[in-house]
Amino acid sequence: MGGDFRELLEEKASFMASSRDYEQSAKVIIGIPMDATTSFRPGTRLAPYRVREVSESVEEYSIYQDKSLEEICFYDAGDIIIPFGNVGESLRRIEEVSRGLVKDRKKVFAVGGEHLVSLPLIKAYHQQYSDLVVIQMDAHADLRTDYLGETLSHATVMRHVVEEIGDRNLYQLGIRSATRDELKFAASRTNLYLDSLLGAVDEVMDKIGGRPVYLSLDIDILDPAFAPGTGTPEAGGISSRELLQALHRLGELKVVGFDMVEISPPYEKGDNTSILGAKILREALLAY
């Protein structure tokens with residue numbers, strides 16, 4: 001692997017069917033074990049390792065796409081080394097690694113970690129793609145100016161994203177929890193589809209067209225019945241089937257980067273959310 005950014009990565013248990021050939025791999029998985037600003041139930045730092053570990057329970061072959069992970073070449077680069085408690089340095093390291101991978105023309109598939117980790121990833125992609133749009137699939141708007149006095153937080157991440165990529169370049173799907181101020185901000189500066197996912201996908205795709213897309217998936221878009229292992233569960237969400245259908249549909253877009261965040265293994269029995277996360281990652285690797 002070329003570039004100084006490799007010094008910020010450490011190998012962990014590899015995702016199923018991953019290659020050991022970085023140079024030949026167009027797609028690269030990275031884990032980001034950071035949950036420094038988690039406000040309710042911490043534990044997302046454990047997700048990257050657990051998703052990899054349970055991936056052995058999931059088939060390499062996708063019946064939905066008639067494709068197998070054995071037919072593509074992707075590399076698992078391990079986890080970014082996170083200095084726990086130092087948010088600024090953690091974000092710097094994530095951005096440095098992301099920039100290195102994008103410079104090497106790799107498509108990044110990141111597993112968090114809390115949702116704040118999406119910000120440096122998106123910054124790295126925006127440097128490469130000036131017309132980048134972001135699709136956020138989430139239960140929460142994440143548009144606060146601060147949370148408990150902290151401006152860099154999982155609850156403020158998408159407000160920072162808007163400042164980075166510009167107004168009306170963020171598409172927010174599945175949102176069912178927000179403050180009144182967040183909704184006012186969204187009305188003038190984002191494209192928010194309140195409590196809607198599948199019903200909004202076609203319209204969003206028409207609006208985006210051929211522009212490069214970064215897709216950020218917060219697992220709490222799902223109802224807690226389907227994904228109990230998350231830090232801030234929000235009742236009234238979608239099913240895992242609906243989410244998979246939306247992910248497949250979005251595969252027609254020019255998706256250049258992907259992250260999956262907010263899986264928290266300590267808050268479930270039986271690894272159901274982590275196993276679902278492994279299946280989602282398999283579908284994303286095959287679709288994008």
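Me: Over the ring of which residue does the charged end of Arg 45 sit?
Reply: This is a predicted model. A charge counts as over a ring if CZ of Arg is within 6 Å of the ring centre and within 35 degrees of the ring normal. The charged end of Arg 45 lies 4.2 Å from the centre of the ring it sits over, and that ring belongs to Phe 84.

Me: How many aromatic pairs does the structure hold?
Reply: Rings pair if their centres lie within 6.5 Å. The number of such pairs in the structure is 6.

Me: Why is the pair of Tyr 22 and Tyr 75 edge-to-face?
Reply: The ring centres of Tyr 22 and Tyr 75 are 5.5 Å apart. Planes over 60 degrees apart count as edge-to-face. The pair is edge-to-face because its planes stand at 80°.

Me: Where in the chain are Tyr 22 and Tyr 75?
Reply: The pair links distant parts of the chain, 53 residues apart. Both Tyr 22 and Tyr 75 are buried. Tyr 22 is in the loop between strand 1 (9–10) and strand 2 (27–32), and Tyr 75 is in strand 5 (residues 74–80).

Me: The charged end of which residue sits over the ring of Tyr 22?
Reply: For Lys, the atom considered is NZ, within 6 Å of the ring centre. Here the charged end is 4.6 Å from the centre of the Tyr 22 ring, and the residue is Lys 106.

Conventions. Residues are numbered from 1 along each chain as its sequence is written. This is a predicted model: local features need pLDDT of at least 70, side-chain atom pairs count only at pLDDT 80 or more; totals for chains, interfaces and linings use all residues. Side-chain values use heavy atoms; hydrogens and water are left out. Rings of Phe, Tyr and Trp (its six-membered ring) pair if their centres lie within 6.5 Å; planes under 30 degrees apart count as stacked, over 60 as edge-to-face and the rest as tilted. Helices (H or I, at least four residues) and strands (E, at least two) are DSSP runs, numbered from the N terminus. Buried means under 20% relative accessible area, exposed over 50%, partly exposed in between (1.4 Å probe, protein chains only).
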